[in-house]
Amino acid sequence: PIPSAERYNCAGLYGPTCQTVNPRWRHNLRINYETPFNVLFSAQWRFIGSVKLDNNTANPELLASVYGSSFVYDAFDARLPNMSYLDLSAIWDVTRQISIRAGVNNVLDKDPPLVSSLIAATGAPNTYPTYDLMGRQLFIAFTAKL
């Protein structure tokens, strides 16, 4: 806020005033397992905690211009749930010069939570880019060193 305005905290909130998703907790957890055959397996859990709409709080500083200057409770966009994504990958060092990588991001193909376009206004399709917008993605690549 501007220096003369009251302060507010966007932890656990999202919306027009807070402008993005600000969960109280989010993390990435990666577990790797390397085999004796030069293969590295990896699993990653990406977690984004739930958030509530900033305009639905009691703080008058968080009232959005989208709704005018008065409080309007928005039941549809009131809360975005916890989101968890699972990513799996493997790297095989075929030789000292050649390695192959493959994997799947968002294995369970979780869709992002939808919000009103009046709130999201991020250019994304009714959601925030904090979430996985592409769905399940497969990849494969190799590296060759000279």
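The side chains of Asp132 and Arg46 meet in a salt bridge at 3.2 Å, N to O, a salt bridge being a side-chain nitrogen of Lys or Arg within 4 Å of a carboxyl oxygen of Asp or Glu. This pair links distant parts of the chain, 86 residues apart: Asp132 lies in the loop between H1 and S8, and Arg46 in strand S3. The model is predicted, so local features need pLDDT of at least 70 and side-chain atom pairs count only at pLDDT 80 or more, while totals for chains, interfaces and linings use all residues. Residues are numbered from 1 along each chain as its sequence is written, and side-chain values use heavy atoms, with hydrogens and water left out.

Arg46 also forms a salt bridge with Asp87, at 2.8 Å from N to O. Because Arg46 belongs to strand S3 (residues 39–48) and Asp87 to strand S6, this contact ties together parts that are 41 residues apart in sequence. Asp87 is buried at 7% relative accessibility, and Asp132 is buried with a relative accessible area of 9%; buried means under 20% relative accessible area, exposed over 50%, and partly exposed in between, with a 1.4 Å probe and protein chains only. Through shared partners, salt bridges join Arg46, Asp87 and Asp132 into one network.

Strands S3 and S6 belong to an open sheet of five strands, ordered S2-S3-S6-S7-S8 with antiparallel pairing. Helices (H or I, at least four residues) and strands (E, at least two) are DSSP runs numbered from the N terminus, and two strands pair if DSSP finds at least two bridges between them. Strand S2 (26–34) and strand S8 (137–144) are the edge strands, each pairing on one side only. Eight bridges join S7 (residues 98–105) to S8, and Ser99 has Thr143 in S8 as its bridge partner.

A second open sheet has three strands in the order S1-S4-S5, with mixed pairing. Its edge strands are S1 (13–14) and S5 (79–80). S1 and S4 pair in the parallel sense over two bridges, and Tyr14 stands opposite Leu53 in S4.
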